[in-house]
Amino acid sequence: MELPHSSPAKCELPSVIRFLNAKNNSSVEIHLQLVEVYGEKCMDIKNVRKWSREFNEGRINVHDEQRSGRPSLPESTVARIDEMVRANRRLTLEEIEDGLNEDCSHFSVHKIVSETLGYRKVSARENLIEEVERKDIKPIRHYLPHRPIYKVQSETTPIRPIYDASCKASKRSLSLNECLETGPNLIELLPEILVRFREKRIGAIADIRKTFQIIGIDEKERDYLRFLWWDEQDPSKIRTLRHTRVVFGLTCSPFILAAVLKYHLESIVDYRKPVADVLKTFILCR
């Protein structure tokens with residue numbers, strides 16, 4: 001027998017997802033409720049997660065974007081954003097949104113910057129890197145060599161830069177990793193994770209999006225994380241940049257990540273504490 005709501009309007013399901021997501025329902029819970037009302041073929045869990053993620057990132061529009069991938073905003077807005085980015089490479093997405101003085105969501109700004117304008121890497125706009133002015137050049141500094149890793153089948157990051165902190169200037173010199181304190185290993189060992197994973201009937205895995213990029217570096221330490229890059233408009237010019245977040249590849253990065261996770265999990269004292277204790281048990285060494 002056909003369900004009474006088996007043929008919803010195009011914007012109906014996203015509207016329901018937005019409502020349930022605002023009530024802090026998980027993607028799995030939202031999907032179960034959709035199936036219960038609209039049937040099993042209404043929307044798969046992958047698309048439910050996509051809509052939930054975009055609503056969490058600031059999206060308010062419940063209609064599908066145009067097939068071309070371009071946000072439905074006037075060309076003047078796109079031109080204005082491009083002008084702002086070219087004038088100041090350190091702008092964040094939030095600063096661009098505030099500077100537009102019009103109704104343009106965070107999601108739409110991100111779409112314009114990354115897809116319409118073709119800035120595949122928006123690190124500078126998210127304060128992941130910053131440009132070093134000539135007046136800030138200091139005698140004590142270190143430059144990270146880097147090379148590209150190509151993954152043609154990837155739609156999001158077909159080219160990924162790899163920074164080598166173990167590189168030495170000469171046989172007698174020290175690499176940056178040899179000068180850093182590694183710190184104790186707080187991450188659970190792989191054999192213990194595999195054994196625990198097999199204890200129950202159902203196993204679950206999760207990933208933290210851009211894990212290292214959410215941990216900041218103290219400003220006085222950033223000069224050891226410099227690197228050179230060519231100018232996007234004039235490749236003959238070389239720009240001096242430096243990282244403002246923890247870099248994957250540093251010998252101390254795993255400890256810093258684990259210490260930050262441990263700190264935040266132990267700081268939770270409200271109704272989420274039981275969940276935090278479970279996560280701490282599975283992520284960190286006992």
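These legends describe close-up views of a predicted model.

**View 1. The whole chain, for orientation.**
The protein has ten helices and five strands. It has 286 residues, and 32% of them count as buried. Take the contacts between residues at least 6 apart in sequence: 59% of these join residues at least 24 apart. The views below pick out a few places in this predicted model.

**View 2. Helix 2 packs against helix 3.**
Helix 3 spans residues 45–56, and helix 2 spans residues 27–38. Two packed helices are described by the angle between their axes and the distance between the axes. Here the angle is about 125°, and the axes are 9 Å apart. That makes helix 2 oblique to helix 3. The crossing of helix 2 past helix 3 is right-handed. From helix 2, the contact takes in Ser27, Val28, Ile30, His31 and Leu34. Helix 3 meets them with Ile45, Val48, Arg49 and Ser52. By type, the residues of this contact are five nonpolar, three polar and one charged.

The loop runs between helix 1 (12–22) and helix 2 (27–38), and Asn24 lies in it. Is Asn24 buried or exposed? With a relative accessibility of 70%, Asn24 counts as exposed. Most residues other than glycine have a negative phi. Asn24 has a positive phi, near 65°.

How many aromatic pairs does a search of the whole structure find? The search finds five. In one of them, the ring centres of Tyr163 and Phe227 are 5.2 Å apart and the ring planes meet at 65°, so the pair is edge-to-face. Tyr163 belongs to strand 3 (residues 159–163), and Phe227 belongs to strand 4 (residues 226–230). The pair therefore ties together parts that are 64 residues apart in sequence. Tyr163 is buried, at 16% relative accessible area. Phe227 is buried too, at 2%. Tyr163 and Phe227 also belong to one aromatic cluster with Trp229 and Trp230.

**View 3. Phe212 and Phe248 pair between two loops.**
The ring centres of Phe212 and Phe248 lie 5.6 Å apart, with the planes at 55°, so this pair is tilted. Phe212 is in the loop between helix 8 (190–197) and strand 4. Phe248 is in the loop between strand 5 (238–243) and helix 9. The pair therefore links parts that are 36 residues apart in sequence. Which side of the pair is buried, and which is exposed? Phe212 is buried, with a relative accessible area of 16%. Phe248 counts as exposed, at 64% relative accessibility.

Thr240 is found in strand 5. At 16% relative accessibility, Thr240 counts as buried, because buried means under 20%. Which residues does Thr240 touch, leaving aside those up to four places away in sequence? They are Glu130, Glu131, Val132, Tyr143, Arg226, Phe227 and Leu228. Phe227, the partner of Tyr163 in the edge-to-face pair, is one of the residues that Thr240 touches.

Helix 9 holds Phe255. Phe255 counts as partly exposed, at 28% relative accessibility. Not counting residues up to four places away in sequence, Phe255 touches Thr182, Gly183, Pro184 and Leu186. Thr182 and Phe255 are 73 residues apart in sequence. In space, their C-alpha atoms are 7.0 Å apart.

**View 4. Helix 9 packs against helix 10.**
Helix 9 covers residues 253–267, and helix 10 covers residues 273–283. They pack at an angle of about 155°, with axes 9 Å apart. Angles over 145 degrees count as roughly antiparallel, and the two helices are therefore roughly antiparallel to each other. Helix 9 passes helix 10 in a crossing that is left-handed. Leu261, Leu265 and Glu266 form the helix 9 side of the contact. The helix 10 side is made by Ala276, Leu279, Lys280 and Ile283. This contact has five nonpolar residues, no polar ones and two charged ones.

Note on methods
Residues are numbered from 1 along each chain as its sequence is written. This is a predicted model: local features need pLDDT of at least 70, side-chain atom pairs count only at pLDDT 80 or more; totals for chains, interfaces and linings use all residues. Side-chain values use heavy atoms; hydrogens and water are left out. Axes are lines fitted to C-alpha atoms, for helices over the stretch in contact, and angles run from 0 to 180 degrees between N-to-C directions. Helices (H or I, at least four residues) and strands (E, at least two) are DSSP runs, numbered from the N terminus. Angles under 35 degrees count as roughly parallel, over 145 as roughly antiparallel, 65 to 115 as roughly perpendicular and the rest as oblique. A crossing is left-handed if the near helix is turned anticlockwise from the far one by less than a right angle, and right-handed if clockwise. Contact means heavy atoms within 4.5 Å. Ala, Val, Leu, Ile, Met, Phe, Trp, Tyr, Cys and Pro count as nonpolar, Asp, Glu, Lys and Arg as charged, and the others, Gly among them, as polar. Rings of Phe, Tyr and Trp (its six-membered ring) pair if their centres lie within 6.5 Å; planes under 30 degrees apart count as stacked, over 60 as edge-to-face and the rest as tilted. Buried means under 20% relative accessible area, exposed over 50%, partly exposed in between (1.4 Å probe, protein chains only).
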